[in-house]
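Dear colleague,

My findings follow it, and I would be grateful if you could read them with the coordinates open.

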Amino acid sequence: MRRFVLDTSVFTNPHVFGQFGEDPQEGLQTFLRLAQRCPAEFYMPLSVYEEFRTMRDLEELAADFETVVWIRSPRRFTLTIPSDILYEFIDEVRHRIDRGLRIAEEHTKRAGAAADMPPEIITQLRERFREAMRKGLVDSREDVDAVLLALELDAELASADQGMRKLGNRMGIKLVTADYLRRVMENLAEAESSRGAGN
C-alpha cells in the first residue's frame, strides 16, 4: 500500500489546491472523498496539521480529516540522517546569507543616493531578500517534520515546496508532484475498483 506524507501546500497553495475544487471547503471535501476510496495511507505531522489549522477553518471537517489522514510526528530521537546532508545544508545557508547581504548592500547604496527613501526600495529589498534566503530551502520545523516522517515511513512526500522536495530528493525520499496528487489518487482508486470487479 502506498503512503503519502502531506504538506500544507497541498491544501493552501492555490495552484495545487485548485485541482480539488474552486473554494477551500469544496476542495477539502473532494480530497477526503477521494482519500476514502483510495487504497493508500495519508499522514501529516502534528506540527504541519497545527499550521494547517491556522490557515484553514477545519471545524466542520476536522473529524473527517483525522479519520482519513493520520496525524503523526516523526520519531526525531531515533532517526538518523547522513552527516553530508547537514554539511550541505550549512553550506547552502552560508551561501544564502552572503547573497542576502549583497542584496542589502545594493539596496542600501540605492537608498543612500535617494534624497527621500521611496517605499518601493524597502519593498523590493524585502522581496529580493526573502527570495534569496528562503526560496528552495527548508526553513521551518514543519517542513523538517514532513521530510523526516516521509523518510521514516518510506512514504511519498506530497509538497509543492521546492526546498522540501530538494531535501527529500537528496535523502532518497519518494516524491509525488503535488499538482498531480488528485489524478494519482483517482488512478489508485480506479485500479482498486478494477481489482474488486475482477474477483
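In this predicted model, β4 and strand β5 (residues 174–177) form a parallel pair joined by four bridges. The chain passes from β4 through α9 to β5, and this β-α-β crossover is right-handed. Within the pair, leucine 157 lies opposite leucine 175 of β5.

These two strands belong to an open sheet of five strands, ordered β3-β2-β1-β4-β5, in which the pairing is parallel. Its edge strands are β3 (69–71) and β5, each of which pairs on one side only. From one strand to the next, the twist averages 35°. Elsewhere in the sheet, β1 and β2 are also paired in the parallel sense, again over four bridges. There, valine 5 is placed opposite tyrosine 43 in β2.

Helix α8 packs on this sheet, where it touches β1, β2 and β4. The direction of α8 makes about 170° with that of β1. The helix comprises 13 residues, 141–153. From first C-alpha to last it reaches 18 Å, close to the 18 Å expected at 1.5 Å a residue. Directly after α8 comes aspartate 154, which has a positive phi, near 55°.

Which residues of α8 are buried? They are Asp143, Asp145, Ala146, Val147, Leu148, Leu149, Ala150 and Leu153. The cover over these buried residues includes the strands β1 (2–6), β2 (40–44) and β4 (156–159), together with the helices α4 (46–55) and α9 (162–170).

The packing of α8 with α9 may be examined separately. Two packed helices are described by the angle between their axes and the distance between the axes. Here the axes of α8 and α9 come within 10 Å and cross at roughly 35°, and the crossing is right-handed. On the α8 side, the residues that meet α9 are Asp143, Ala146 and Val147; their counterparts in α9 are Met164, Leu167 and Gly168. An α-helix has 3.6 residues a turn, so residues three or four places apart point the same way.

With kind regards

Note on methods. Residues numbered from 1 in each chain as written. Predicted model: local features only at pLDDT ≥ 70, side-chain atom pairs only at ≥ 80, totals over all residues. Heavy atoms only, no water. Expected span 1.5 Å × (residues − 1). Buried < 20%, exposed > 50% of the residue type's maximum accessible area, 1.4 Å probe, protein only. Contact = heavy atoms within 4.5 Å. Pairing = 2+ DSSP bridges. Right-handed = clockwise from strand over helix to strand, strands pointing away. Axes fitted to C-alpha atoms, helices over the stretch in contact; angles between N-to-C directions. Left-handed = near helix turned anticlockwise from the far one by under 90°.
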